[in-house]
Protein chains: 2
Amino acid sequence: MKYERLHTLSREAEMLKGIASLLDWDHETYMPEGSAHFRAKQLKILAGLEHEKLTSDEYTKALSALIDIKTGKLKEKLIASKKRAVELWRRDYLKRICLPKEFVEEFAELASNAVSVWRSAKEKSSFKEFAPILKKIVALCKKKAELVGYKEHPYDALLDDYEPGMTTSEIKTLFDQVKSFSSALIKKQAKIDDSFLTGDFDPEKQLQFCTEILKDMGYDFKYGRVDFSAHPFSSSCHPTDSRITTRKPGRHIMSTIGTLMHEGGHSLYEMNLPAKEYGSPLGQAVSLGMHESQSRFWEIWIGHSKPFWKRYYPELKKLFKQFEKVPLEAFYKAINKVTPSLIRVESDEVTYPLHVILRFELEKGLIEGSIHVDEIPKLWNKKMKELLGVVPKNDAEGCLQDIHWAMGAFGYFPTYALGNLYAAELFDAFTETHKNYAKKIEKEGLLFVTKFLKERVHKYGRQYDSKNLIKKATGKEFSTVPYLRYLDEKY
Amino acid sequence: MKYERLHTLSREAEMLKGIASLLDWDHETYMPEGSAHFRAKQLKILAGLEHEKLTSDEYTKALSALIDIKTGKLKEKLIASKKRAVELWRRDYLKRICLPKEFVEEFAELASNAVSVWRSAKEKSSFKEFAPILKKIVALCKKKAELVGYKEHPYDALLDDYEPGMTTSEIKTLFDQVKSFSSALIKKQAKIDDSFLTGDFDPEKQLQFCTEILKDMGYDFKYGRVDFSAHPFSSSCHPTDSRITTRKPGRHIMSTIGTLMHEGGHSLYEMNLPAKEYGSPLGQAVSLGMHESQSRFWEIWIGHSKPFWKRYYPELKKLFKQFEKVPLEAFYKAINKVTPSLIRVESDEVTYPLHVILRFELEKGLIEGSIHVDEIPKLWNKKMKELLGVVPKNDAEGCLQDIHWAMGAFGYFPTYALGNLYAAELFDAFTETHKNYAKKIEKEGLLFVTKFLKERVHKYGRQYDSKNLIKKATGKEFSTVPYLRYLDEKY
């Protein structure tokens, strides 16, 4: 009863958060542009109400009935999963009460407005237009770090929102390993012809092909849909409403396929969370890192693998005459070609982490105050040169390419690289469980992959934290080894 | 200051209502169908929160600071418009506190679910599938009437939500006049060829043509958009976000044009409400009857008039070869042909009110208990035969054609006929102000029409009630005379 009471209150707050997600989705897809300012006000009021619900006397009382908020001592005998849920409710509560309602509202409104400014600035390729509001965002993020508190580094406080428990120094250690490894790999690459991946591909047919793959992945269009937006994303407000967006299909066919499998991976995670636990920590995703493991698992480990294309290449050839004379082997090599490039979301899996590391270094600097917003374009280009050997011609393909800073999502980027590490470990476990997976994909399709991920990851919600979930799912401790070994073997 | 305080609280509630509108819009346009049940829960929580805000101690205190809630005596000296706003705030408050929060939540959830059931029942043309949930809706509407209270007839309590102050007996009197008049007119009609209005009209071109008209009307696509839905509607959550939907263009070109001008008329009203008054009665539309006067003004008095087509017919001819050999006069006669038909929203202006009267009689019966839900299909067909001389082949083109009952909007239909009466009066005033309006439309287009409506109606919000606004706008008392004279002269 006491547990149900808390769950009910928490569910109401989760619904408001979900409604805000839908408003964000609308903002990016269909909203009339002149309504941006008002949309920010709507998001402000929703953020305030959600915060109010989760910090109210009623909520505090309901939580206190289950656990001593100060000491963390449970007051009820509960089964393990519910015990964990109550502990997480307390953890989230303690973090949340550090923030005044006005702060939460201000942040939500500013972020929504900043997204509109960013979009316009990106179109004009003018960082100058974006800088003033980005300064406000950085200031609020710094303030947030101070309000929430941290042990070592202010960035820890922000990172914790996206990857609970992970610290800046841990990230740095992991990234240093990945950085030296990837940099070395880049230099070893042979020349590969991938010219046939660019061209006039009928947009309708591209979508048709991807829709079939999404269906094969188990993405149920009864509970989701695909729309267009400037920046692809996945948006979910409930397991029965988990939507995907992508850019309008253009001349790079693998960009369309990769994006839709990626966002499909995110959406499947949300669709497969236990609906009856909706509104409790047991109905939420573990972390953004784990989320990204799901999207990258599909995009890279499956979508750039030979078994996958053994099954789907004949289909692709039927739809696009460009591939008529391209053998599978050449196609496979081309889609896995390593070339340092400017755009993160279109980069190959070897250079991808370097894009993330660049962002991590910059945002860490902004938060600790060692870098100023006005320096971003210059530093971005300098780091691109150092890490990848290429330099953007303008801000649009440089420091303005991502939406995240506008959203106020400092601390988010590292989870993209963590996702790769988790995905590599999950893939090891997957191939161990399904030793004949290559043949199985060829014969049966993809549903057994989804089933594996659901059983090992999705169904648990936040029952385990990232590292423990990896251990539970794979039987091994979290490390960079499987990821680096995977890259080494493949390239 | 006190006024501002109340306005702020009221604005917050209005924002929640606007968010609910957006969720309704999404429900009808893009929402994955499997999410219907959850959508109902989202709407439930929003309705509850809005109700909570508008009945809270805080709100009651803020209202009481301006007016004695019991006696209606003002406590502050205010200018006329603000005085009126405070009086309306009190009026709305008194009505609202009659309803418990649980009732409001139940209603919102049930209505959202009923819309989903209705849509499926309509597709299968099965009133049986819809009947059980409609019974629940009717029961809640009856309960609402009892909770809110009424002097003469329970239907008055419901009607008051859509047309404040109007009573069932007033409606009956008005409708009796219209009924006998329209019935007589129908019999007098000559045979007219309108076969060229049906055919293969390229959907894209239909939309293109209508988009140009909407732009000419002053509908600003920066603050709105057009999407497809099963039942056309206009949805607004702020003057900067006022959207339109229409059915996918089909074989009846005037259905597309009529619908979009109609919904455009609604949307223009919302776009032209004073944004700084948003959240106060001065920023709200007067009534649904007045709303409908705007849509009908555009759809019928402008969109079915000769001056309008003098300007736009050459454009239409350019787009569609079907009209190559049809002279303007024949086209004009065809679009104004009077033929009793089955579908309300596609009916001509002479038979239209009869469709509304049929619904009024049925829903009045359902609310007073003289009719049972199960009798609806039989009674519907009987009344169609009596009033219009035609009988639907099935429920889909009969009693299941409209979404309103599913939405729980009993008391809404009469406003459709009232809209015609108001529109006729406004049109009289319009032609008096712009004696050369026919030439003006030909030469200048439509913006001066919008300006007239904005100045006479939109800009006032709820500063005057329907009848007083008509008097203010036209200088004459509200009556059926201008409407019946207009019909008589035209037909």
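What follows is a set of questions and answers on this predicted model.

Trainee: Let's begin with the two copies. What rotation superposes chain B on chain A?
Mentor: The superposition leaves an RMSD of 0.0 Å, and the shift along the axis is 0.0 Å. That is the relation of a two-fold axis. The rotation that brings chain B onto chain A is 180 degrees.

Trainee: And what percentage of the contact residues of chain B recur in chain A?
Mentor: The same surface serves both copies.

Trainee: Now to the second largest pocket. Which helix gives the most residues to its lining?
Mentor: This pocket has a volume of about 900 Å³. Of its 34 lining residues, the closest to the centre are A:Glu12, A:Lys53, B:Ile45, B:Leu49 and B:Lys101. Elements giving two or more residues come from chain A and from chain B, including helix H1 (2-29) and helix H3 (57-64) of each. The top contributor, with nine residues, is H2(B).

Trainee: How many charged residues are in that lining?
Mentor: The lining of the second largest pocket holds eleven nonpolar residues and eight polar ones. The number of charged residues there is 15.

Trainee: Let's turn to helix H8 of chain A. How far apart are its end C-alpha atoms?
Mentor: This helix runs over residues 168-187, which is 20 residues. At 1.5 Å a residue, H8 of chain A should span 28 Å. The distance between its end C-alpha atoms agrees with that, at 28 Å.

Trainee: Which elements cover the buried residues of H8(A)?
Mentor: The buried residues include A:Ile171, A:Leu174, A:Phe175, A:Val178 and A:Phe181. An α-helix has 3.6 residues a turn, so residues three or four places apart point the same way. What covers the buried residues of H8(A) includes helices H7, H14, H15, H16 and H20 of chain A.

Trainee: Some single residues now. What is phi of A:Ser125?
Mentor: A:Ser125 lies in the loop between helix H5 (101-123) and helix H6 (127-148) of chain A. At 22% relative accessibility, A:Ser125 is partly exposed. Its phi is positive although the residue is not a glycine, with a value near 55 degrees.

Trainee: And what is phi of B:Ser125?
Mentor: In chain B, this serine is in the loop between helix H5 (101-124) and helix H6 (127-148). B:Ser125 is partly exposed, with 23% relative accessibility. Its phi, again positive, is about 50 degrees.

Trainee: Last one: which residues does A:Gly218 contact, leaving aside its neighbours within four places in sequence?
Mentor: A:Gly218 sits in the loop between helix H9 (203-217) and strand S1 (226-228) of chain A. With a relative accessible area of 29%, A:Gly218 is partly exposed. Its contacts beyond those neighbours are A:Leu268 and A:Leu447.

How values were computed:
Residues numbered from 1 in each chain as written. Chains lettered and ligands numbered in written order. Predicted model: local features only at pLDDT ≥ 70, side-chain atom pairs only at ≥ 80, totals over all residues. Heavy atoms only, no water. Helix = DSSP H or I, 4+ residues; strand = E, 2+ residues; numbered from the N terminus. Buried < 20%, exposed > 50% of the residue type's maximum accessible area, 1.4 Å probe, protein only. Contact = heavy atoms within 4.5 Å. Least-squares fit on C-alpha atoms with pLDDT ≥ 70 in both. 1 Å grid on protein atoms, 1.4 Å probe; cavity = no way out; pocket = protein on both sides within 12 Å on 5 of 7 lines; lining within 4 Å. Points joined across faces, edges and corners; volume = space filled by probe spheres on them. Nonpolar A, V, L, I, M, F, W, Y, C, P; charged D, E, K, R; others polar. Expected span 1.5 Å × (residues − 1).
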